[in-house]
Amino acid sequence: MIRFENVGMRYGSGPEILRDVTFMINPGSFHFVTGASGAGKSTLLKLMFLAERPSRGLISLFGEDIATTPYENLPQVRRRIGVVYQDFRLLDHLSVYENVALPLRIAGRKPNDYRDDVEELLIWVGLGDRLKAKPPTLSGGEKQRVAIARAVVAKPDLLLADEPTGNVDPEMGLRLMRLFSQLNHFGTSVVIATHDRALVDRFEATELRLDQGQLRVIAGKGEAGGTKIKPRKEHKA
Amino acid sequence: MAETTNGGAAPLLPTDRRTTLPLTAMMAVMCYLAALTLALSIMLSETAADWSRGLSGTATVQLMPAESKVIDEHIQKTLEILRATPGIASARLVSEAETRSLLEPWLGTLSGVDDLPMPRLIAIAFDPGTVVDTNALGERVSAAVPGAMLDTHQAWRETLSGFAGALAWFAYGVLALIAAAAAGAVIFATRAGLLTHQEIVEVLHFVGARDSFIASEFQRRFLILGLEAGVLGAVFAAITLFVGEIATGAMATNTGANYLPALSPGLGGYLSLVLVPAMAALIAMLTARVTVLAALGRMP
Ligand SMILES: Nc1ncnc2c1ncn2[C@@H]1O[C@H](COP(=O)(O)OP(=O)(O)O)[C@@H](O)[C@H]1O
Ligand SMILES: [Mg+2]
């Protein structure tokens, strides 16, 4: 579904942040992108949702080489990808409901058509009573859940989340991870960037480990390829 | 702030009246100037066209003064030629008294003027709608009658239409300058808006919005702004023109200067002001669209 081949990435004329990155992401899989802060996790995600273009190498999304995809087809590609930004990027002047409905509205669907879906999803993430609230009035965890709801509302084929547990307490982090896991069970490929080792160790999923610009694929301990996530029994420290 | 409902139809860009108000005011001033230019140019070119039209249907044959027997013969001959020419509705000898009164402003009412030899004039009215070869006619008249000259007021009409044409071009130039300045202001404001709402634009872009969808959000805003400014400008221009019309009308009556045309744009002039908000809205909308599309084209 997603294929990186010898991808290199530098910002402007700066140093190469990613070097010869090669990996594949299959439909319905679950991956972590790990590495120290500054290792290039966010950069890798940006390449995946077309916010940056690689300096060299090949990136193929949904079977299409993005270098040769016509400009007018890119919005359609983007609509198949849900992104949870590290800083949420909610629109402060819109309500929670409108923020979450945004991808559907942009896809040209009618408000009457999607109202129930959006409300149901917001209830599912525990925000059923905050539909009309504006983002500035929400807590960090609430914003995080709005951002996630917006990323998944259009049932994307691929969900990218950048440090989705970075701003919340461990308990909330776990709840959000369960949410991603559920989505994954419904067929969405999930890629989560995190520098939280403990979080990665809790789950059996393929790890894309970034170090010194190089990427290593570390298979999860579960099924071959580590496509499904299985929460482990909690260790007592 | 927009009222947000569950309908999902809230504007995707926050409406911030306070930041658009100065631009609306500035555009309204431009529209006011454009409306005045438009109405004045219509007014002046109509006046010039009226004069030119009044002159174009007529011509005059001038016969040199001569002894009365000779001149009678000349008059007879000229009238014959003219009446035999197709396209001439009438040819009338202007009486001596009439000729004298025409010359009076130049000669005054001096005694003894009566004894001066007077040229005789024959007034020609052409059939409206027919084209008479006045050059050939003039040559024929001059050949048949020595000293006879056909005056088609051509020089006057050329001067008038040249003046009207130059005026029209000048007005178009001024209107184009105003339009360019308005477009410049809109480009400036659109870029500022893109910068202010960069975060929103990026989110829309990465959620899969097409450039034209994002542009339409800006477009709609500038269309309304242009419309508001255009209506304001046109209304104030109409008021100005109306006051001017009444004032010049009163002045003409008070001074008895009837030859002064009242400065009236006429119904057509007033109606043409409707073009101002329409053009302002169109210019603002298209400029905003092109500006946004150009900016978005640079996004990854
Ligand atoms: N827009 C940018 N321009 C220039 N350098 C950047 C930009 N974004 C990130 N970087 C640099 O790229 C490197 C990797 O950053 P990032 O991908 O954000 O890492 P991570 O998400 O793993 O912390 C860092 O050294 C960072 O300074
Ligand atoms: Mg990062």
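A polar side-chain atom of A:S42 sits 2.7 Å from an oxygen atom of ligand 1. This is a predicted model, in which local features need pLDDT of at least 70, side-chain atom pairs count only at pLDDT 80 or more, and totals for chains, interfaces and linings use all residues. Residues are numbered from 1 along each chain as its sequence is written, chains are lettered from A and ligands numbered from 1 in the order in which they are written, and side-chain values use heavy atoms, with hydrogens and water left out.

**Ligand 1**

- The residues around ligand 1 (a heavy atom within 4 Å) are A:Y11, A:I17, A:A36, A:S37, A:G38, A:A39, A:G40, A:K41, A:S42 and A:T43.
- By class, this shell has four nonpolar, five polar and one charged residues; Ala, Val, Leu, Ile, Met, Phe, Trp, Tyr, Cys and Pro count as nonpolar, Asp, Glu, Lys and Arg as charged, and the others, Gly among them, as polar.
- Helix α1 of chain A (residues 41-48) gives the most to the shell, with three residues; helices are DSSP runs of H or I with at least four residues, numbered from the N terminus.
- An N or O atom in the side chain of A:T43 is 2.5 Å from an oxygen atom of ligand 1.
- From A:A39, a backbone N or O atom lies 3.3 Å from an oxygen atom of the ligand.
- On its own, ligand 1 has 560 Å² of accessible area (Shrake-Rupley method, 1.4 Å probe), and the protein covers 58% of that area.

**Contact between chain B and chain A**

- The contact (heavy atoms within 4.5 Å) takes 29 residues from chain B and 30 residues from chain A.
- The two chains bury about 2,700 Å² between them, 56% of it on carbon and sulfur atoms; buried area is the accessible area (1.4 Å probe) that two parts lose on being put together, summed over both.
- Seven residue pairs are in polar contact between chain B and chain A, both residues at pLDDT 80 or more. Such a contact is a pair of N or O atoms within 3.5 Å; within protein, one must be able to donate a hydrogen and the other to accept it, and residues adjacent in sequence count only if both atoms are side-chain atoms.
- On the side of chain B that touches chain A, α6 (198-206) and α7 (211-255) each supply at least two residues.
- The largest share of that side, seven residues, comes from α6(B).
- By class, that side has 17 nonpolar, eight polar and four charged residues.

**Salt bridges**

- The whole structure holds 16 salt bridges over all chains, each a side-chain nitrogen of Lys or Arg within 4 Å of a carboxyl oxygen of Asp or Glu.
- One salt bridge is found across the interface of chain B and chain A.
- A:R89 pairs with B:E202 in a salt bridge, the closest N and O atoms being 2.8 Å apart.
- This pair runs from the loop between β6 (81-84) and α3 (96-106) of chain A, where A:R89 lies, to B:E202 in helix α6 of chain B.
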